[in-house]
Structures are given as C-alpha cells and as structure tokens.
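Have the viewer open as you read.

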Number of protein chains: 2
Amino acid sequence: MIPGTFGIGSEVMTRWTLPPEQIPSAWFNVVPHLPSPLQPPLHPGTREPVGPADLAPLFPSALIEQEVSAEPWIDVPGEVLDILRLWRPTPLQRAVRLEQALGTPARIYFKDESVSPAGSHKPNTAVPQAFYNAREGIRRLTTETGAGQWGTSIAFAAAQFDLELKVYMVRASFGQKPYRRIAIETWGGEVVPSPVDEPDHPGSLGAAISDAVRDCVARDDTHYALGSVLNHVLLHQTVVGLEAREQLELAGETLPDVVIGSCGGGSNLGGITFPFVPDESVRLLAVEPLSCPTLTQGRYDYDFGDTAGLTPLMPMYTLGHDFVPPSIHAGGLRYHGDSPLVSSLVKDGRMEAAAYPQGKVFEAAVQFARSEGKIPAPETGHAIAAAIDEALAAKETGEERVILFNYSGHGFLDLAAYDDYNNGRLDDEMG
Amino acid sequence: MIPGTFGIGSEVMTRWTLPPEQIPSAWFNVVPHLPSPLQPPLHPGTREPVGPADLAPLFPSALIEQEVSAEPWIDVPGEVLDILRLWRPTPLQRAVRLEQALGTPARIYFKDESVSPAGSHKPNTAVPQAFYNAREGIRRLTTETGAGQWGTSIAFAAAQFDLELKVYMVRASFGQKPYRRIAIETWGGEVVPSPVDEPDHPGSLGAAISDAVRDCVARDDTHYALGSVLNHVLLHQTVVGLEAREQLELAGETLPDVVIGSCGGGSNLGGITFPFVPDESVRLLAVEPLSCPTLTQGRYDYDFGDTAGLTPLMPMYTLGHDFVPPSIHAGGLRYHGDSPLVSSLVKDGRMEAAAYPQGKVFEAAVQFARSEGKIPAPETGHAIAAAIDEALAAKETGEERVILFNYSGHGFLDLAAYDDYNNGRLDDEMG
C-alpha cells in the first residue's frame with residue numbers, strides 16, 4: 001500500500017457493502033410464517049392437489065422439494081454461492097440526494113440488484129435453477145421471457161453449467177427490444193418469438209409459458225425454468241432481504257418501517273419483503289402497474305399460470321388467464337396472475353398493494369436518475385414511485401420513517417421507453 | 001440479524017470489496033515518476049508553452065493547476081468523494097472461471113468499473129470536473145462524445161451540480177446508437193450531432209471537440225469538459241489503480257506482473273496503470289484497435305487534439321489530427337492522438353503497446369461473457385483479449401503470472417455490435 005492515500009473522507013455514509021464471505025448461506029422460507037396455510041396447487045385435469053410426480057417432467061426433484069417445503073431455512077449449495085459471489089452481496093445504498101430533493105425527514109434505503117451480470121435480481125434464482133437441473137443430468141432448458149430480464153438471466157446461468165437453452169420471447173418484445181435478445185444469444189441461448197403458432201399475435205407471458213412447457217414435455221433431456229411466481233423462485237430471491245437486514249444494521253437502523261417492491265409475478269418483491277414478514281411492525285408494500293392491476297383489482301381464486309391452461313391451477317390473485325395486458329413499457333410486470341405466496345400475504349392483510357400509472361412511474365424514475373445517478377428499469381420505477389410517496393407522507397407528518405425498496409434492475413436496455421417519456425410520446429393509457 | 005443465516009460458503013475467494021470509507025482520498029500524480037520530464041503543450045499560434053491564462057476560457061483554475069502540477073498527491077474534495085461513493089470503491093474480481101476455461105496457471109484479476117451510474121470508468125473524472133466548474137461559478141458545460149460513454153458520464157455529473165450541458169455527439173453514433181443519447185437526455189443534457197456545420201459528415205471525436213470548444217469560448221458562463229487525454233483527467237482516474245493495489249493485497253498478492261488497459265485517449269489505462277509506474281517489476285500494457293493504431297504505428301510529435309486545430313499542440317503519439325478512423329464498434333477508442341502522459345511512458349519504454357483486430361476482441365469478449373457472466377463494452381474487450389494472451393503465454397511457460405486489467409465498462413449499450421459479431425456481420429477491416 002502507498003502510505004497516506006486512504007482517508008475517511010468527509011460526510012454521511014450512504015453505502016454499505018458486505019464481504020463475499022457474508023453472502024447468505026441459507027434461503028429464508030416464508031411458508032412457516034404465513035398468517036394462514038398456503039392452499040396447494042391443483043392438477044388442471046383432476047383438480048386434485050398436485051404431487052411431486054406431476055411436476056417431475058418440468059422441474060428437478062430438488063426444486064420440487066423446495067416448492068413444497070415448510071423448512072424454515074434451506075441451504076444454498078456451495079456451487080451456487082460461488083457463482084452468486086460474482087456480484088453478491090449487492091450494495092445497500094441510502095438515497096440521501098433523493099431525500100434532499102424531496103425535503104423529507106424519511107431515510108430511504110435501496111438494495112442495488114442492478115449490479116448482477118444480467119442487470120437485475122433475476123440471476124438470484126436463475127443460478128440455482130440451472131445448477132439443480134445440471135446436477136440431475138438435464139442437458140437443456142426451455143423458458144419464456146417478456147421484456148427479456150428473465151431470459152437474459154437464465155441464459156447467463158445456463159452458460160455457467162453448459163446447458164442448452166431455448167427462450168420463447170413475447171413477440172412484441174422480440175421485435176421492439178432486440179438488445180435483450182442479443183444478450184441471450186451472446187451467452188449462447190436460442191431465442192424465438194412467441195406464440196410460435198400465431199405469427200401475427202403480439203404475444204403475452206402466459207402464451208410464452210405455454211410454448212416453453214409444450215417444448216419441455218416433448219423431450220426427455222429438457223426441463224422448464226420459470227423466473228417468478230413459484231415458491232422456489234421467491235425462496236431463492238430471499239438473499240436480497242437477508243443481506244438488506246444485515247446492512248440496515250450496519251447503517252444503524254433496527255428495522256425499516258416499510259419495505260417496497262414492484263410486483264409482476266412477485267419475485268423481486270418476495271425477495272426483499274419475505275425476511276421481514278415475521279417482524280410485525282414492518283409494513284410490506286407491493287407496487288403494480290395500474291394497467292395490469294392483479295393485486296388491487298383481481299380476484300383471489302384458483303387459476304392457470306399460462307394462457308393455454310397447461311400449468312397447475314394456483315391459488316392467487318388473477319385477472320383471468322386469458323387477460324391480455326396492454327403493452328406498457330414495464331414488460332416484466334405484464335402478468336395476469338401473481339405468486340401464491342404474495343397473494344396469500346395480501347389476502348390475509350400482511351402485505352399492502354398499490355397500483356401506479358405509467359406517467360407517475362417515469363416521473364419518479366427520472367427524478368431518481370437525476371438525484372441518485374442510476375437510471376432504473378421501468379419495473380423498478382414502480383417501487384421508486386411508491387418510496388417517494390412514502391417519503392412525502394413522512395414529510396407531511398414530520399416522521400423519521402425508514403423506507404427500504406428493491407432497486408431490482410437498471411434501465412440501460414429500456415432507454416427507448418425513456419425516449420418516449422422525455423419526448424411526451426408515452427401513452428399513459430390508464431394514468 | 002436472523003441467527004444462523006450467514007456462513008462462510010464453500011470455495012476460493014474471487015471478489016474483494018472495500019468499504020466506502022476506504023475510497024482513496026487523494027489522487028496519484030504520475031508526473032514525478034516519469035522517466036523523462038513531460039514536454040509542455042504549445043500555443044497553436046505562437047508555438048510557445050501554454051500558460052494558465054491560455055486555458056482559462058476552457059477550464060476552471062483548479063483543473064488548470066492540476067494539469068501542470070508536479071505534486072505527488074492531490075487531495076480529493078469531500079464533495080467529490082460523497083458522489084464517487086455512490087458506487088466506489090468498485091469491486092476487484094478474480095476471473096477464476098476464465099482461468100479454468102483457458103487452463104492457465106495465471107491468476108487474472110479485473111477491476112470492475114462497470115458498476116458506475118453511467119456504466120464505465122468515465123464518471124471518475126466527470127464528477128470532479130463538474131464540481132470544480134460549479135464551485136468557480138460556471139453554469140454550463142460543453143463537451144464532445146463518440147459512442148457516448150463520456151457524454152453520459154458528464155451528463156450524470158452535471159445533474160449532480162445543476163449544470164446545463166450541451167453534448168456534441170459524433171454524427172455516426174448519434175444516428176446508430178440512440179441509447180446513450182437518450183441516457184444523456186434523461187439526465188437533463190442536450191445532444192446535437194457533430195460536425196454541426198457539415199450535416200452529411202459522419203463525424204469524428206476531433207471534429208466534435210472543435211464544435212464543443214467553439215461553443216465554449218463564445219460564452220462567458222460556459223466551460224469545456226474533456227473525458228480523456230489531458231493530465232487532470234488521467235489524474236482523476238487513478239482511484240482505479242489505487243483501489244486495485246489495496247484489493248490485490250487483500251487477495252494475498254504483492255504486486256501484479258502485468259497491468260493492462262484498453263487505450264483510446266488513455267484515461268482508463270492511465271487510471272489503472274499509473275499507481276504501478278513506480279514499481280519497476282510491473283509491466284504496463286496499452287491495448288489499442290488495429291484500425292486506429294496510434295501508439296503502435298503513430299509518430300511521437302506535437303499535434304492538435306482536435307481536427308480544426310483549436311486546441312494547444314500536445315506532445316503525443318498521433319496518426320495526424322486530420323486522420324479519420326474507420327467506424328469500428330469500439331467508438332471510444334477512435335482517436336487520432338493519445339494522452340501525453342501515456343505517450344511519454346511508451347516513448348521511454350516504461351509502458352508497452354499492442355494493437356488488436358476487432359474480430360479477436362469480440363471473440364475474447366464473448367469468451368469472457370460466457371465464463372465470467374458480464375458482457376463487456378467493446379473497448380473493454382481489447383483489454384480482455386490482451387489479458388487472455390498474457391494468460392496463454394503463462395500457460396506456455398507454466399508461470400504463475402498475476403494479471404490485472406481494467407474492466408472499464410459494460411456492453412449493455414453496445415449489443416448491436418454483438419449482434420453483428422454473433423451473426424458473422426462484423427466487418428474486420430484490418431483483422
């Protein structure tokens with residue numbers, strides 16, 4: 001070391017890192033902490049509870065076990081930790097400049113999941129999914145992707161385990177958002193537009209799931225990977241909230257007053273909120289787009305996860321499996337249903353939900369970019385908009401509220417949407 | 001903290017972070033360590049050495065002082081540290097998966113500068129430049145940008161200090177690479193294609209510098225900001241190498257055998273290599289594109305920094321200030337000249353230089369993406385290609401070489417170039 005070059009600098013701390021050896025070595029299972037027991041998924045034919053054998057054509061046994069596990073903690077395999085450590089633990093940051101711009105007494109913290117290779121939280125589950133499949137001898141994965149955040153993440157993870165990958169991409173995104181398609185191909189994945197049999201249809205996540213499941217069940221060497229909704233996916237995301245708890249303690253906070261995540265299928269939301277479910281004083285807030293208002297305007301019922309009705313029936317808030325959401329920019333939030341775990345928490349009142357119009361989301365995202373520097377993904381903009389509203393409410397009451405949200409991804413591949421917003425071309429269909 | 005959730009995990013360490021309070025509080029000045037004294041820049045009219053008064057229309061006095069300083073260390077202002085800490089210190093990573101793919105006994109480390117708000121090393125100098133200008137009462141900045149890495153960085157920094165910004169963007173990039181233009185606009189900057197008076201010309205960095213300087217000198221409230229080449233710019237980048245030294249020590253290494261950076265104007269290269277200049281055992285390697293081979297095929301001479309001959313004459317390797325580089329994908333490396341500091345080190349034999357063809361650069365970049373996960377900027381791909389060659393040379397000799405390179409930026413906004421490479425459309429004009 002060159003003597004004298006390192007000093008303490010000048011001002012308030014705004015960023016907390018953890019060394020790689022402090023990555024969580026177990027995932028937090030929210031199931032034992034739910035206010036009421038989770039209802040089981042039902043077989044689409046018999047409407048009887050689905051058993052492990054029903055899921056075996058789709059998923060490796062380790063993931064099926066996790067899907068139904070009631071163990072409070074589940075160990076993260078060393079091989080998974082080694083890959084997660086390429087970017088984890090991620091930083092926790094305090095948005096002091098945003099606080100100052102808002103003139104709020106609230107302290108706003110965010111967990112920066114944008115530093116992963118794919119630029120979002122999605123690799124947190126892509127890596128263990130690829131690992132368990134490879135360990136059980138699977139050679140090839142199929143999946144769906146909307147805007148491409150999931151597709152890029154599983155492509156990165158598949159490359160780590162030499163798995164072949166075929167991604168069914170919602171056709172509207174395939175045409176309009178080539179960058180994430182190119183990223184998938186750069187990691188070695190194959191991408192085709194969905195629905196495969198309706199070349200004029202703009203597509204939907206539900207239809208792409210149908211395509212990927214059909215491909216999977218037709219081949220013995222192939223499994224299917226899903227980037228959200230399912231219990232094991234949200235389980236893998238809890239590293240986000242576990243690290244955030246540790247880092248908030250380093251920041252001198254005991255517990256946050258409110259934890260916020262944007263919600264499409266529920267994975268980044270579950271990741272940051274679930275480890276706080278046992279702490280009754282902590283409010284949990286799901287933020288969804290007003291144009292796809294599953295939690296705020298959907299019904300709680302059994303429904304299919306896909307359009308064609310191939311998946312098990314899941315107990316969740318849903319807009320109906322044939323709902324075709326408007327083509328808003330936050331493609332990752334365009335899903336008719338929601339995670340059964342998230343739905344259960346909302347139904348029982350443990351989690352709140354709010355819906356935001358697109359215009360307000362981009363306004364918040366740009367305010368964040370100019371104050372904190374980072375340009376967020378539009379999905380992430382939903383969480384930011386709600387965090388700003390929480391901070392402004394605290395300003396009203398003069399309260400020192402502690403706000404934590406999940407900065408689930410960056411917006412470098414979503415800049416076309418910002419161009420529309422900057423130039424007044426954003427179509428705020430329900431705003 | 002939830003008991004029992006944090007463990008030590010399984011395997012070899014591959015990532016070293018530093019807490020925000022260990023950000024370097026002083027910049028390292030390489031000038032006292034040069035093998036021969038740096039020749040002064042000359043006035044373009046008189047060919048006499050340029051004095052501070054000649055530079056005052058362009059730069060604030062603090063930067064002019066830094067430009068000519070021979071002090072070994074220069075303090076980083078607290079206001080600058082506070083903004084750099086939004087992402088600094090950046091991680092040092094060991095590319096174990098790449099080492100395994102290459103079968104090399106070498107240990108390859110890289111400094112990850114892609115985690116900044118703009119996705120590259122450029123904000124390291126954009127922030128202090130914006131700060132010093134704001135402190136001296138300047139209200140507006142002009143600058144040039146090629147592919148947009150500098151333009152986005154100064155736009156982020158200008159937003160932090162409420163400075164107006166006008167960016168002259170090389171016309172070819174303005175048309176073909178809208179994403180970085182949109183990012184600049186999202187941070188509040190204005191972007192126009194350059195050259196402004198030749199609407200059919202594809203443009204060059206040299207011509208855009210001329211446009212930005214002309215705009216600057218016409219207005220009293222305006223200064224000019226340059227993203228590379230000048231001494232003060234490279235000075236600001238030395239936080240990269242200073243942190244890397246500290247982190248290599250944490251990794252159990254004494255000194256690297258070779259330090260590598262890609263080179264356009266020289267700023268990311270200078271940032272990582274300069275703190276190692278006093279260590280004579282450490283080889284330093286500049287990597288440039290074969291299509292713009294300034295250091296390897298240029299002449300060492302006084303030349304203008306811009307096309308129109310408005311800047312001082314600088315002592316440097318140059319291909320001639322009227323050289324129009326072919327439109328390769330690594331836009332950030334398309335510059336006819338080079339930093340005088342880098343040029344001086346190469347001239348005196350303290351630094352080596354190598355030129356790589358585009359095809360080999362993308363091959364290395366894709367190998368890196370598939371092994372280490374991250375998709376690099378094409379500029380960064382040059383450093384990766386050279387690091388791979390160093391690792392393969394170590395494999396030949398069975399040597400445990402320690403290699404350090406600067407991962408200067410991510411490739412999320414350069415995916416169109418990967419699409420060309422993936423589909424065999426890459427025009428390797430000199431490869």
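## A salt bridge between the chains

Arg181(A) and Asp419(B) form a salt bridge, with their closest N and O atoms 3.4 Å apart. Keep in mind that this is a predicted model. The rule finds two salt bridges across the interface of chain B and chain A.

## The wider interface

On chain B, 72 residues are in contact with 72 residues of chain A. Between them the two chains bury about 6,400 Å², and 54% of that lies on carbon and sulfur atoms. Residue pairs in polar contact between chain B and chain A number 22, counting pairs with both residues at pLDDT 80 or more.

Which elements of chain B give two or more residues to the side that touches chain A? Among them are strand 2 (26-28), helix 3 (78-84), helix 8 (178-186) and helix 17 (415-422). Helix 8 of chain B provides the largest share, six residues. By type, the residues on this side of chain B divide into 37 nonpolar, 18 polar and 17 charged.

## The sheet of chain B

Chain B also has an open sheet of seven strands, ordered 1-4-5-15-10-11-14, with mixed pairing. Its edge strands are strand 1 (15-16) and strand 14 (352-356). Strand 5 (residues 107-112) and strand 15 (residues 402-407) of chain B run parallel and are joined by six bridges; Tyr109(B) has Leu404(B) as its bridge partner in strand 15.

Two helices of chain B lie across strands of this sheet. Helix 11 (residues 239-250) runs at about 135 degrees to strand 5, while helix 15 (residues 358-372) runs at about 95 degrees to strand 14.

How values were computed:
Residues numbered from 1 in each chain as written. Chains lettered and ligands numbered in written order. Predicted model: local features only at pLDDT ≥ 70, side-chain atom pairs only at ≥ 80, totals over all residues. Heavy atoms only, no water. Pairing = 2+ DSSP bridges. Helix = DSSP H or I, 4+ residues; strand = E, 2+ residues; numbered from the N terminus. Contact = heavy atoms within 4.5 Å. Axes fitted to C-alpha atoms, helices over the stretch in contact; angles between N-to-C directions. Buried area = accessible area lost by both parts, 1.4 Å probe. Salt bridge = Lys/Arg side-chain N within 4 Å of Asp/Glu carboxyl O. Polar contact = N/O pair within 3.5 Å; in protein donor to acceptor, adjacent residues only side chain to side chain. Nonpolar A, V, L, I, M, F, W, Y, C, P; charged D, E, K, R; others polar.
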